[in-house]
Amino acid sequence: MHVAVIGAGISGVSSALALARAGHRVEVFEQHGSIAAGASFADAGLMLPIALQALVRPRRGWRKLTAWLGGPKATVTASQQAQRDTQRLLALASASLLQELTPALHLDHAHSQGWTLLLRTEKELKALAPDLSQLASAGIAHSLLDASQIRQFEPALNPEAPLHAALHLPGAPVVNTRQLSQQLRMAAQRAGARFHLDSSVQRITPGQPVQLHWQRSNPPPRAAASDGDTRPEPPPEIGTPSGSGRFDAVLLCGGLGSTSLLRELGVKLPLRAAGGCSLTAPMSLPEAMPDPGPRSALTDAQQQITLTRLGDRVRATAMWSEPDARQQAEPETVERLYAALDLWFPGAARHGHHPVWQASRVAPADGAPVLGASGLPGLWLNLGHPDHGTALAMGAASALTTMISGGTPLIDCSALSPQRWR
């Protein structure tokens, strides 16, 4: 089959790789000048496909959530978020698949192991009871640690920080999503997939076959965006002239950019934008001194900020942070990120101007991803991974590849279908 993938974030490149390895002729269309340039660019990289109630809180504008594409209003609460089908999401999780593919595909990306939720008070600890039950029922290894015990895993934690207890998940992988996306893209190209950058899809005409219309932009020369990684960029991507083409199937993985295409097609899904912000700083690593930074990933439950170790860098991420009127990071949010670094790991990051990332992801009303047939001939959807896109990317790609190929995936994805709102 000749398959078009729209969007080259972590979901798009994972889908392209899975489709190409299954023998399909794959072409990927990305509106930006590089892959993983949007929501996948500088996220926290947590591969934990489970929503903890301790990290689900009412966010600005969330309780007034209205479907982007029309239709009735939809609201989401913390309890509704926590009631997602955890087992199905865990089954889709890409951690084990990533472990299998890393040696086979010669993947080389920054990663670490272990995630810790930092609790400041006894009240926060008591509020964790539903999450502990959820983790136990899901069979996820975890432990509750006191302040002295967690410092055995994270010895550089500030002894003066207000730490009461911590939830520790030793098996939770943490990756650099952008680096992983680059590695997967190169693997997809080796499998035969073609990537067209600076190519914005203007229109989809469903049918047998599906017709795709795109516009090739010619941006002026510009410096490549940086998340603080000093490693050389992969070779330039392929460009393609503006035009149209016919495909046996089209898989929409375009994140927030997908909403306008769906609107034109009359596909109404309760989607909205959910912002996130991070800064990435080089570590201050004095010679012959103990490492002053985190060993893996930690989340401040009160501030909803995650600190991630990425090689010789540290990333602070505000999981839910709306942009300003210019779609840039709010100064207050950036100050909160620096404050979290100074609180938990004082002196770990070098001072200076550090890259700040602000982006918006597609968030469905119920918090679960949208996977499956759109209801229109030839059009498939792989959208809505705001909390755990990196964790689910490969599993979702594998399931969708099986469906597009006419088979039945090992994981039942019917509850994640777009039809759940109809």
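In the predicted model, the protein chain exposes about 17700 Å², of which carbon and sulfur atoms supply 53%. Of the 422 residues in the protein chain, 56% are buried. The secondary structure of the protein chain comprises 11 helices and 17 strands, and among contacts between residues at least 6 apart in sequence, 78% join residues at least 24 apart.

In soluble globular proteins, nonpolar side chains tend to be buried together. The largest nonpolar core of the present model has 44 residues, and those with the most contacts inside it are V26, L180, L184, F195 and L251. At least two residues of this core come from each of several elements, including the strands β1 (2-6), β2 (25-29) and β10 (249-252) and the helices α1 (10-21), α3 (86-92), α4 (95-105), α8 (177-190) and α11 (389-404). The greatest contribution to this core is that of α11, which gives nine residues. Another core, of 28 residues, lies apart from it and includes L163, L279, A329 and W344.

Confidence in the model was also examined along the protein chain. The mean pLDDT of the protein chain is 83, and 86% of its residues reach 70 or more. Over residues 58-84, however, pLDDT stays under 50, although the model has 56 contacts beyond four places in sequence for this segment. For residues 220-224, over which pLDDT likewise stays under 50, the model has two contacts beyond four places in sequence. Where pLDDT is low, the predicted coordinates should not be read in detail.

Notes:
Residues are numbered from 1 along each chain as its sequence is written. This is a predicted model: local features need pLDDT of at least 70, side-chain atom pairs count only at pLDDT 80 or more; totals for chains, interfaces and linings use all residues. Side-chain values use heavy atoms; hydrogens and water are left out. Helices (H or I, at least four residues) and strands (E, at least two) are DSSP runs, numbered from the N terminus. Buried means under 20% relative accessible area, exposed over 50%, partly exposed in between (1.4 Å probe, protein chains only). Contact means heavy atoms within 4.5 Å. Accessible areas come from the Shrake-Rupley method with a 1.4 Å probe; for residues, only the protein chains shown count as cover. A nonpolar core is a set of buried Ala, Val, Leu, Ile, Met, Phe, Trp, Tyr and Cys residues joined through side-chain atoms within 4.5 Å. pLDDT is the predictor's confidence in each residue, from 0 to 100.
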